[in-house]
Amino acid sequence: MTAQFTQRKIFNKAVVRQSFDDASDSYNQFTSLQREIGSRLLEQRDALNSPAPKKVLDIGAGTGYLSKKISEINGLRELYGLDIAVGMLNKTKSHLGEFKAAGLICADAESIPLAGSAVNAVYSNLAYQWCSDLQRAIDEAYRVIKPEGTFTFSTFGPQTLRELKASWSSADNGVHVNEFIDDDSIRNYLAEAGFCNIDVSSENIINYYDSPKHLMLDLKGMGAHNMNPGRNHGLTGIKAFKSMLSAYEALRTEKGVPACFQAVYVTAEKPAGCK
Ligand SMILES: C[S@@+](CC[C@H](N)C(=O)[O-])C[C@H]1O[C@@H](n2cnc3c(N)ncnc32)[C@H](O)[C@@H]1O
């Protein structure tokens with residue numbers, strides 16, 4: 001059966017990997033948003049106060065913020081951190097400190113090099129928005145989770161960077177902002193994979209910046225700038241850029257220029273008695 005839901009343009013994985021490798025040294029300066037969303041993600045399952053699943057896989061582990069938190073859950077036996085960018089995984093290793101991860105895996109979330117039913121739980125904080133084929137990535141998570149195991153992740157929704165998108169659209173017709181998948185499509189992908197007890201919720205977090213340029217520097221620092229293939233290379237045009245800046249400036253409030261990040265939180269389970 002083919003899913004008829006929102007599907008995004010294909011990211012160039014080499015560009016995504018390089019971008020996060022480049023960002024790995026500076027990444028932790030820019031992570032307050034990721035930390036906030038990661039902490040709220042763990043609250044979705046009251047993970048820190050619940051008995052730990054024995055084996056956990058953290059997909060898109062990055063510099064290891066979520067992995068570190070997961071490693072503190074009482075009773076955890078094995079933790080695998082997976083990321084497409086080796087520079088990020090090296091940071092995870094040092095971040096985990098005392099906890100000896102069972103494995104750090106440099107791989108694509110769309111093709112996980114683990115056997116089926118290898119782990120009791122998959123967690124992921126803000127990585128799935130970089131997958132070209134979210135259905136495939138979700139199918140892979142389903143495959144590696146044991147029956148009755150859990151899947152918990154966060155991603156960005158379509159309201160994310162709506163101000164930047166609107167400001168660019170008044171300046172030219174290029175694609176300057178990554179596209180993000182809506183809640184209904186995510187629910188459908190999960191159901192298609194076979195998950196049950198699906199819960200998808202979201203909240204808009206508004207950050208304020210000194211200027212639109214500060215926002216763009218922040219996005220670059222966290223490796224989250226525009227990476228889709230429709231982006232304009234070369235001379236985007238100083239005129240269009242200035243026009244975008246002045247459209248964005250018109251949104252300024254006393255706190256600064258706003259940028260919306262729609263955090264989407266997902267929990268699901270693999271039913272008992274299935275492969
Ligand atoms: C925004 S960072 C989040 C890192 C971490 N989870 C955190 O909470 O700080 C996204 C991470 O996903 C990784 N990533 C992007 N696409 C990926 C893919 N297809 N497979 C695995 N990891 C990927 C990036 O290299 C990056 O480390």
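How many helices and how many strands does the protein chain have? I counted nine helices and seven strands in the protein chain. The model is predicted, and I kept that in mind for the entries below.

**Confidence**

I looked up the pLDDT before anything else. The protein chain averages 85, and 84% of the residues score at least 70. Among the elements, helix α1 (residues 13–23) has the lowest mean, 75, while helix α5 (residues 134–144) has the highest, 98. Over residues 1–7 the pLDDT is below 50; I still found 17 contacts in the model for this stretch beyond near neighbours in sequence. Where pLDDT is low, predicted coordinates should not be read in detail. I left the contacts of residues 1–7 at that count.

**The chain as a whole**

I checked burial over the 275 residues of the protein chain, and 50% count as buried. I then took the contacts with a separation of 6 or more: residues 24 or more positions apart account for 81% of them.

**Helices α5 and α7**

I turned to α5 and its packing against helix α7 (residues 183–193). Their axes are 9 Å apart, and the packing angle is about 45 degrees. That angle makes α5 oblique to α7. The crossing of α5 past α7 is right-handed. From α5 I noted Leu134, Gln135, Ile138, Asp139 and Tyr142 in the contact; from α7, Ile186, Tyr189, Leu190, Glu192 and Ala193. Sorted by class, the residues of this contact are seven nonpolar, one polar and two charged.

**Alanine 141**

Is alanine 141 buried or exposed? I located alanine 141 in helix α5. Its relative accessible area is 0%, so alanine 141 is buried. Leaving aside neighbours within four places in sequence, I found alanine 141 in contact with Ile112, Val122, Tyr128, Phe151 and Phe195. I also took the C-alpha separation of alanine 141 and lysine 270, which is 9.8 Å for two residues 129 apart along the chain.

**Helices α8 and α9**

I next examined helix α8 (residues 212–221) with helix α9 (residues 238–249). Their axes come within 9 Å and cross at roughly 105 degrees. The two helices, α8 and α9, are therefore roughly perpendicular to each other; the range for that term is 65 to 115 degrees. In α8, the residues Pro212, Lys213, Leu215 and Met216 meet Phe241, Met244, Leu245, Tyr248 and Glu249 of α9. By class I have seven nonpolar, no polar and two charged residues in the contact of α8 with α9.

**Leucine 161**

I placed leucine 161 in the loop between β5 (145–156) and α6 (162–169). Leucine 161 counts as buried because its relative accessibility is 6%, and the cut-off for buried is under 20%. Apart from neighbours within four places in sequence, leucine 161 is in contact with Val177, Leu215, Leu219, Cys260 and Phe261.

**Positive phi**

Glutamate 148 is not a glycine, yet its phi is positive at about 75 degrees. I found glutamate 148 in strand β5, and at 62% relative accessibility it counts as exposed. Asparagine 197, also not a glycine, has a positive phi of about 45 degrees. Asparagine 197 sits in strand β6 (residues 196–209). With 53% relative accessibility, asparagine 197 counts as exposed.

Note on methods: Residues are numbered from 1 along each chain as its sequence is written. This is a predicted model: local features need pLDDT of at least 70, side-chain atom pairs count only at pLDDT 80 or more; totals for chains, interfaces and linings use all residues. Side-chain values use heavy atoms; hydrogens and water are left out. pLDDT is the predictor's confidence in each residue, from 0 to 100. Helices (H or I, at least four residues) and strands (E, at least two) are DSSP runs, numbered from the N terminus. Contact means heavy atoms within 4.5 Å. Axes are lines fitted to C-alpha atoms, for helices over the stretch in contact, and angles run from 0 to 180 degrees between N-to-C directions. Angles under 35 degrees count as roughly parallel, over 145 as roughly antiparallel, 65 to 115 as roughly perpendicular and the rest as oblique. A crossing is left-handed if the near helix is turned anticlockwise from the far one by less than a right angle, and right-handed if clockwise. Ala, Val, Leu, Ile, Met, Phe, Trp, Tyr, Cys and Pro count as nonpolar, Asp, Glu, Lys and Arg as charged, and the others, Gly among them, as polar. Buried means under 20% relative accessible area, exposed over 50%, partly exposed in between (1.4 Å probe, protein chains only).
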